[in-house]
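Subject: The model I promised you

Hi,

Here is the structure for you to open in your viewer. My notes on it follow below, and I hope they are handy while you look around.

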Amino acid sequence: MNLTIRPLQVTDYPALLALFTEFAEYEKHLDSMTNTLEKMEAEHEYINGFGAFNEQGDMIGYATCFFAYYSFTGKSVYMDDLYVKPEYRGLGLGTKLINEVISFARSQNCHKVRWQVSEWNTNSIEFYKSLGAKLDNLEYRCDLIL
């Protein structure tokens, strides 16, 4: 199976939005999904990351990220989402996607990559631990919707 990983492009947005929705449903937060193609096109300069594509060119996974600055460590990358369609899991795509984010962070002289994982998602927790990530339960996610 010939699968490719490449940086996201504006032309990927319809497929990316479909995967955002699929991921929101997987995370049991479909009611929070308010993004639209129009928002994505208007806010394109903020969409960074990598897409995974099958042999037919269909997007089957993605990792989105952005720069952050943490007072304790400095310039960093925050990986907002990492998602692979269920039928493509177990092929190493999650590893390839997160490694792209890590390589990007290193190439930009970042000091850390941060992300979060749902406490019920034991498969992802074990995957992140296998990469050497340090997981803690010291903080809660705080969202203020504007």
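Strand 4 (74-84) is mostly covered, with nine of its 11 residues buried. Buried here means under 20% relative accessible area, exposed means over 50%, and partly exposed is anything in between, using a 1.4 Å probe and protein chains only. Helices (H or I, at least four residues) and strands (E, at least two) are DSSP runs, numbered from the N terminus. Please keep in mind that this is a predicted model, in which local features need pLDDT of at least 70 and side-chain atom pairs count only at pLDDT 80 or more, while totals for chains, interfaces and linings use all residues. Residues are numbered from 1 along each chain as its sequence is written, and side-chain values use heavy atoms, with hydrogens and water left out.

Now for the neighbours of strand 4. Two strands count as paired if DSSP finds at least two bridges between them. Strand 3 and strand 4 run antiparallel and are joined by 10 bridges, and a hairpin of three residues connects them. Within this pairing, Tyr-69 stands opposite Lys-75, and Tyr-62 stands opposite Tyr-83. Strand 4 also pairs with strand 5 (residues 112-114), this time in parallel, through three bridges. There, Val-77 has Val-113 as its bridge partner.

Together, strand 4, helix 3 and strand 5 make a right-handed β-α-β unit. Right-handed means that, with the strands pointing away from the viewer, the path from the first strand over the helix to the second runs clockwise.

Strand 3 is mostly covered as well: nine of its 12 residues are buried. Five bridges tie strand 3 to strand 2, and these two run antiparallel. Phe-50 is bridged to Ala-63 of strand 3. The hairpin between strand 2 and strand 3 has five residues between the strands, and Gly-57 in this hairpin takes a positive phi near 90°.

Next, the interior. I call a set of buried Ala, Val, Leu, Ile, Met, Phe, Trp, Tyr and Cys residues a nonpolar core if they are joined through side-chain atoms within 4.5 Å. The largest one has 18 residues, and those with the most contacts inside it are Met-79, Leu-82, Leu-93, Leu-97 and Val-101. Strand 2 (49-53), strand 3 (59-70), strand 4 and helix 3 (93-107) each supply at least two of its residues. Helix 3 gives the largest share of this core, five residues. Counting contacts as heavy atoms within 4.5 Å, and leaving out residues up to four places away in sequence, Met-79 touches Ala-63, Thr-64, Cys-65, Ile-98, Val-101, Arg-114, Trp-115 and Tyr-128. A second, separate core has 12 residues, among them Leu-8, Met-40, Met-59 and Tyr-62.

Helix 4 (residues 122-130) has Ser-124, Ile-125 and Tyr-128 as its buried residues. Seen down the helix axis, these fall within an arc of 105°, so they line one face of helix 4; the arc is that of the directions from the helix axis to the C-beta atoms. Strand 4 and helix 3 are among what covers them. On the other side of helix 4, Asn-123 and Ser-130 are exposed. Just after helix 4, Gly-132 takes a positive phi of about 95°.

How many disulfides are there? With a disulfide taken as a pair of cysteine sulfur atoms within 2.5 Å, the count comes to zero. For Cys-65, the nearest cysteine sulfur is that of Cys-110, 9.1 Å away. Cys-65 is buried, with a relative accessible area of 3%, and Cys-110 is buried too, at 15%.

Finally, some backbone angles to look at. Most residues other than glycine have a negative phi, and most peptide bonds are trans. Lys-28, although not a glycine, has a positive phi of about 65°. Lys-28 sits in the loop between helix 1 (13-26) and helix 2 (37-42) and counts as exposed at 59% relative accessibility. Asn-109, also not a glycine, has a positive phi of about 60°. The loop between helix 3 and strand 5 holds Asn-109, which counts as exposed at 59% relative accessibility.

Happy viewing, and all the best
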